[in-house]
Amino acid sequence: MTDKKRVYLFEEGNATMRDLLGGKGANLAEMTNIGLPVPPGFTVTTEVCIDYIKQGKKMSAGLMDEIKDALAKVEEKMGRELGDPAKPLLVSVRSGAKFSMPGMMDTILNLGLNKATIDGIIKETNNPRFVWDAYRRFVMMFSDVAMGLSKEKFEHKFTELKTKLGAKQDTDVSADDLRKLVTETFLPMVKSELGREFPEDPMEQLELAIKAVFDSWDNPRAILYRNKEKISHDLGTAVNVQTMVFGNMGEDSGTGVAFTRNAATGEKKLYGEYLMNAQGEDVVAGVRTPMDIQELANQNPEIYKQFADIAQRLENHYRDMQDIEFTIQQGRLFILQCRSGKRTGMAAVRVAVEMVKEGLITKEEAIKGRVSPEQLEQTMHPRFKSKPADKVIAKGMNAGPGAAVGKIVLDSETAVEIAQKNPGEPLILVREETNPDDLGGMLASKGVLTSRGGRTSHAALVARQFGIPTICGCNEIKINHQTRTVSANGTILKEGDWISIDGSDGTVYTGQLPTEPPTESGEVGEMMKWADGFRKLGVRANADTPEQAAEAVELGAEGIGLCRTEHMFLGDRVPLVQKMILAENEADRQSALDALLPLQREDFVGIFKAMEGKPVTVRLIDPPLHEFLPSESELIEEVVTLRIKEPNSPRLPEAEKMLAAVRGMHEANPMLGLRGCRLSIYMPGIVQMQVAAIIGAACEVKKSGMDVHPEIMIPLIGHVNELTWVKSRLEKTAQETMKAEGCDVDYKFGTMIEIPRAALTADKVAAEASFFSFGTNDLTQMTYGISRDDAGKFMRLYIDEKIFPGDPTESIDRDGVGKLMKMCVEDAKKVNPTIKLGICGEHGGDPNSIEFCHMIGLNYVSCSPKRVPIARYAAAQANITLEVDGDK
């Protein structure tokens, strides 16, 4: 025995015990204690699950005795006993982790049914159809979840029976036919497939069910979900054992799922669905298309009012939109669970803004905890530019907003396979309905379309969670898996054909409709204004062209943190660059640079004008020169071909010269070779031309009446002397250019911190630099000694095996790379208190990395233009979190 309490009755817990009881258990306890009609039960803690996994999937000693004690108290409350032939108690066994993982783990309903208890309940209820239906469901679910016999085999037999009887709905099958189905088909199938009888002992059923729920913590879909949501794999799940109430006892019974606000749009109105004479699995599985919750007001006004009052009470109590499961048993309402409702990004923003206005939450709470950066990103989903009526083929329920265009794929396995072979291939997953095992296929697709299920089905739930445009219950479409086709209102489409779906209004179109980005307005605009008011960290963009710069400004960028000049050497300028590289003397090289100068200057004029006086950090040429030449293998093939077929071609000596140059520039490790400031020292004319172009462009823009602030960044320094050598020569170029232009501009020289030695000697480097920008792409690679281009071979293994806690190329490694950055910042500020500090690597758009940048005192982050709104928002979250919680 252990002194640690492992089993809690619902009345013994509360909402603060999520770590121990899981979200579902904590909420069941809270609802019990505030007096809501919750069927009694108990929770086995998450710690028991962790112990179970550590012990090789074995139950701890004495645990079942504690469960029996808790069960006895539930039996006493209900006046029923598990396994009692006269007045049997039936229970549900459900998972419940700290963080909601809807549909990812397993559930068993109607546990406690056996030959003896079936007879007792039939005598008690005088409703044999209800009892045999409940037993059918229990045998199917228990065999699947606890015994490993696929539920599909049972579904197949049930479908055969309905076809034989001409039954359209499950409810059309009589009690006697259900009895024969279970006793003459299902139970013998268990025996023949598994070599053992279906368990009759209710305590054996309960123990196996609890083990099965613990096992489901590590099923593939749950692991995939946690990876996607960045939930720790070490938390474990609780198990909730709860008295069963029945929605399938007749037309005065039913079950449903509802949200206190519209989970797709955020509208303040009950949103959900229900089915009469059904159990909860029927609603979420999408097998039957349910009725809108508003219909309940007409069907049973008294129950609807009671439910609406409870829904409002729960929302006020938790101060958040709630997802509520309920059952009506013979005219009596029961609440089975509540949790914070999963919602689309657009709904999350609207709910948060309206709750602030209603006085339920503060602006700080809205930003810190009610809208995640990922949800905000969903509001940036594209929409269709036009919606041509002649392309419409079907209409369904709008379940996940946004426009999606892709090729039809009819099963998840195919979707995953295509995504692995051709990453980025746009797909639309088209299914009758989805189940939790379809998660991989849904995440591999741009959109999801189902012919069955409603707005609370699995497909809709996942769509809202991950921001996937989705249409559910589109019964106009028919799927033929044999011919791999989809038909709708006379139109027949093959797998691989293009369709466009609008998850905002439920419309399906043929072909590829053009899309456009949304605008930052309405509740999203209001939320962003609040965020800008709270953040202290500046947000810039990485932009290399005037078009990218204009987009960045439109999205709220306060400057450019990285303008990569090497991109200006591509396209039709490659021949000039190659001429400069291949020049045999300085005069020829200078001639090529002189030709490039006005072209680069024109680029900078466009960028400076687009930025409208905001600072622009320009990185001087960084990559090695061989990147501007053809590959050695291409040149060898060309030279050999010409020598054999066209030995007199004038192209041959050019190609041979190019090949010799490429071979001469060959490096064993180009990433650590002649690039960055080393190239500036080895071939200074290139960066002198670039600085002349930058300063000349700045003068031209300033003369036109617009302010301009160029910041010139010297990359890849490892020693302060490199910076001093390059900067002294470029200062001369800048001064000469301004003198020639008759104009002074406010410019700065700084450097990129991407070599660990530069970070370690920041006190020396900062004396020579006006700003630092952390190039965390290279800084991470050099600190770890790994290549981002090659890490894909082992990184997933490292993360799965918990060798690395996460991918350091996606989010800053605070303990290693972050420690270098923090030291660098502190040392730099000691010698140069006014130094400007930023980050321009890919991490600049990652919310977790942005929080770290705020913590160590950077002035700004810089990211791709499309990530700018997310960075602005994450910067506000970081400031609010650290002001409330302190520097962690």
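Modeller: Let's start with a term: a helix here is a DSSP run of H or I with at least four residues, numbered from the N terminus. The model we are looking at is predicted.

Biologist: Thanks! What makes residues 847-856 count as helix H33?

Modeller: H33 has 10 residues, and a helix needs at least four, so the run qualifies. H33 is followed by glycine 857, whose phi is positive, near 90 degrees.

Biologist: And how covered is H33?

Modeller: Mostly covered: 8 of its 10 residues are buried. Among them are Pro847, Phe852, Cys853 and Ile856.

Biologist: How many disulfides does the structure hold?

Modeller: There are 0.

Biologist: Now the barrel: which strands close it, and in what order?

Modeller: There are 8 strands, in the order S24-S25-S26-S27-S28-S29-S30-S31, with parallel pairing. Neighbouring strands of this sheet are turned by 25 degrees against each other on average, direction ignored.

Biologist: How do you know that S24 and S31 pair?

Modeller: DSSP must find at least two bridges between paired strands; S24 (residues 538-542) and S31 (residues 860-863) are joined by 4, so they pair, and they run parallel. Glycine 538 stands opposite tyrosine 860 in S31.

Biologist: Which strands does helix H32 lie across?

Modeller: H32 (residues 817-831) lies across S28, S29 and S30, running at about 180 degrees to S29.

Biologist: Let's turn to strand S15: what makes it mostly covered?

Modeller: In S15 (residues 427-431), 5 of its 5 residues are buried. Leu427, Leu429 and Arg431 sit on one side, with Ile428 and Val430 on the other.

Biologist: Which strands does S15 pair with?

Modeller: S15 pairs in the parallel sense with S14 over 3 bridges and with S16 over 4 bridges. Each count reaches the required two, so both pairs qualify. Valine 409 stands opposite leucine 429 in S15, and isoleucine 428 has glycine 447 in S16 as its bridge partner.

Note on methods: Residues numbered from 1 in each chain as written. Predicted model: local features only at pLDDT ≥ 70, side-chain atom pairs only at ≥ 80, totals over all residues. Heavy atoms only, no water. Disulfide = S-S within 2.5 Å. Buried < 20%, exposed > 50% of the residue type's maximum accessible area, 1.4 Å probe, protein only. Axes fitted to C-alpha atoms, helices over the stretch in contact; angles between N-to-C directions. Contact = heavy atoms within 4.5 Å.
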